[in-house]
Amino acid sequence: MMSIEIEQEVIKMFQDQRREKILQLLQENGSCRVQELKELFKVSEPTIRGDLESLEKRGLITRQHGGAYLNTLTTNTLPLTLPRRGHEEEKARIGMKAAQFVSNGDSIILDSGSTVTEMVKHLGDRTNLSIVTNALNVALHLGMEPSNHVLVVGGEFKPPTLSLTGEKGLLLFENLYVEKLFLATGGFSLDAGLTYPSFSDIALKRAMIASAKTVYLLADSSKLEKVLFASLGCVDKITHLITDSGIDTDYTKRLKNAGINVIVC
């Protein structure tokens, strides 16, 4: 039989894992409801409330009636900046490299997220771009160039990534075809493919991939072989991976064997 001490350690391990996933969901969506978390994690309402209380004591979230929201929402949303989540130098290099694959007159889809935001900083001298994006900060930045044509995906607003999501945005991708997609992800593995903290973006990401001839995945090495809650798959749809020098050599070979061109910066 399992001793009381070991049983308590196992319970704490699952508790910590659940709270980390809840935090990831909040970082992705900005807020969440107790009822939604209860159904998602298959636990009781008091358990979820205890998780939220623990995260609030750590200063990460603020509880409200029936749910909680991320503490950094106001400070990041008002100036249209994204929260810093680490690996900023790597993301900056990846963004700079990704921008080199955009030429004047290209038709592109730009995903939301911090790495794509870094990429956009280097597109100021491009003209006559046809751009589809779900990121408001991306649209505002590139829409300042009069020759660019910018289409913004509709849907539900997600403050942490300044993006729009949901099935209402899928209509834009019907009969849409672009040359290049620059895609963000929460994690990527050769088994699970593209993974994200929640299911909210899955349908939209799939539509983006289906609408593009060439898919560039922008992911720093910390996201490789990292598996999050919701899996999209689509390993066979990734044409290029742009990542940093932290990628393992053997893993690079495995990716190339899977048909993915690896670009290290």
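A: Welcome! Helices here are DSSP runs of at least four residues, strands are runs of at least two, and both are numbered from the N terminus. One thing to keep in mind as you look around is that this is a predicted model.

Q: Where is Lys42 found?
A: Look between two helices: Lys42 sits in the loop that joins α2 to α3 (45-57).

Q: Is Lys42 exposed or buried?
A: A residue is called exposed when its relative accessible area is over 50%. Lys42 has 73% relative accessibility, so Lys42 counts as exposed.

Q: Where is the place of Cys234, and is Cys234 buried or exposed?
A: Cys234 belongs to the loop between β13 and β14 (240-243). The cut-off for buried is under 20%; Cys234, at 18% relative accessibility, therefore counts as buried.

Q: What does Gln24 touch?
A: Gln24 lies in helix α1 and is buried, at 17% relative accessibility. Setting aside residues up to four places away in sequence, Gln24 touches Pro197 and Leu228.

Q: Which residues does Ser211 touch?
A: First find the spot: Ser211 is in the loop between α8 (202-210) and β12 (212-218). Ser211 has a relative accessible area of 2%, so this serine is buried. Beyond residues up to four places away in sequence, Ser211 touches Ile109, Phe173, Leu176, Tyr177 and Val178. The side chain of Ser211 also reaches back to Ala207, whose backbone oxygen is 3.0 Å away.

Q: Which residues of the largest nonpolar core touch the most other members?
A: The general idea is that in soluble globular proteins, nonpolar side chains tend to be buried together. In this structure the largest nonpolar core has 32 residues, and Leu183, Phe188, Leu194 and Leu255 touch the most other members. At least two residues of this core come from each of β9 (178-183), β11 (193-196), α8, β12, β13 (230-233) and α9 (249-257). The largest share, five residues, is supplied by α8. Another core lies apart from this one and has 21 residues, including Leu110, Val120, Ile131 and Val138.

Q: What does Leu183 touch?
A: Residues up to four places away in sequence are not counted here. The contacts of Leu183 include Leu194, Tyr196, Ile209, Val215 and Ile238, along with Asp111 and Lys205.

Q: Which residues lie nearest the centre of the second largest pocket?
A: They are Asn29, Ser31, Cys32, Glu36 and Ser200, among 18 lining residues. Two or more lining residues come from each of α1 (4-29), β1 (31-33), α2 (34-41) and β7 (156-158). The volume of this pocket is about 410 Å³. Sorted by class, its lining has eight nonpolar, six polar and four charged residues.

Q: How many Å separate the C-alpha atoms of Phe101 and Ile11?
A: The answer is 48 Å, for two residues that are 90 residues apart along the chain. Phe101 is in the loop between α5 (88-99) and β4 (107-110). Between the buried and exposed cut-offs a residue is partly exposed, and Phe101, with a relative accessible area of 24%, is one such case. Leaving out neighbours within four places in sequence, Phe101 is in contact with Asp106, Lys180, Phe182, Tyr216, Ile242 and Ile263.

Technical notes. Residues numbered from 1 in each chain as written. Predicted model: local features only at pLDDT ≥ 70, side-chain atom pairs only at ≥ 80, totals over all residues. Heavy atoms only, no water. Buried < 20%, exposed > 50% of the residue type's maximum accessible area, 1.4 Å probe, protein only. Polar contact = N/O pair within 3.5 Å; in protein donor to acceptor, adjacent residues only side chain to side chain. Contact = heavy atoms within 4.5 Å. 1 Å grid on protein atoms, 1.4 Å probe; cavity = no way out; pocket = protein on both sides within 12 Å on 5 of 7 lines; lining within 4 Å. Points joined across faces, edges and corners; volume = space filled by probe spheres on them. Nonpolar A, V, L, I, M, F, W, Y, C, P; charged D, E, K, R; others polar. Core = buried A, V, L, I, M, F, W, Y, C linked by side-chain atoms within 4.5 Å.
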